[in-house]
Amino acid sequence: HALLGVQAMARIQPKCLHPHWPLLLPTDQPRAIGGGGDSLVTVLSSDPSPKIRSSAAVALQCLLQRSRTYMAAAEDRRNSTFTSLSQSLAIMIRSTHKGLCLAALQERYPATAQQIVKALGTLAANVPYQRLSRGLLGEGVGAMA
């Protein structure tokens, strides 16, 4: 039911979830809640139920759908000890991208795989790839093929 709540909030008011992306998307930082890397991508890649994995993919797609303006701030720069919002966004985008690619390659259920590919397509449509590390877009295309 939590996944349906995230989907509904993302559809109705996506901007209200932007401050919560570090809780919903993978990051480099260990999480205080849950003790590890719990995120929508973690659910997508490790839950035993194909229905739950599919719901996680739909929640990700909803979260990413109208986020182009927010993601436009993402940029890979590692020249200081301070992690800026642009660097944090780049880390979340890169980690989500890699998690979706891996999930798309490993998924055995066609309906769930379809939702994962849709989420990956939504991510690809909104990410400023020219400001991120090279190779991400090609990796995504390979996972969708």
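**Aromatic pair, salt bridge and pocket**

Reply: The structure holds one aromatic pair. This is a predicted model, in which local features need pLDDT of at least 70 and side-chain atom pairs pLDDT 80 or more, while totals for chains, interfaces and linings use all residues. Residues are numbered from 1 along each chain as its sequence is written, and side-chain values use heavy atoms, without hydrogens or water.

Me: Which residues form the aromatic pair, and what is its geometry?

Reply: Rings of Phe, Tyr and Trp (its six-membered ring) pair if their centres lie within 6.5 Å; planes under 30 degrees apart count as stacked, over 60 as edge-to-face and the rest as tilted. Here W21 and Y70 are edge-to-face, 5.0 Å centre to centre with 90° between the planes. W21 lies in helix α2 (residues 21–24) and Y70 in helix α5 (residues 68–71), so the pair ties together parts 49 residues apart in sequence. Helices here are DSSP runs (H or I, at least four residues), numbered from the N terminus.

Me: Which side chains meet in a salt bridge?

Reply: Side chains of opposite charge can pair when their charged atoms come close. The criterion is a Lys or Arg side-chain nitrogen within 4 Å of an Asp or Glu carboxyl oxygen. E107 and R53 meet in this way, at 2.9 Å, N to O.

Me: Which residues line the largest pocket?

Reply: A pocket is an open set of points on a 1 Å grid over the protein atoms alone, where a 1.4 Å probe fits, with protein on both sides within 12 Å along at least five of seven lines; lining residues have an atom within 4 Å of a point. The lining comprises L44, S45, D47, P48, R53, A103, Q106, E107, R108 and Y109.

How values were computed:
Helix = DSSP H or I, 4+ residues; strand = E, 2+ residues; numbered from the N terminus.
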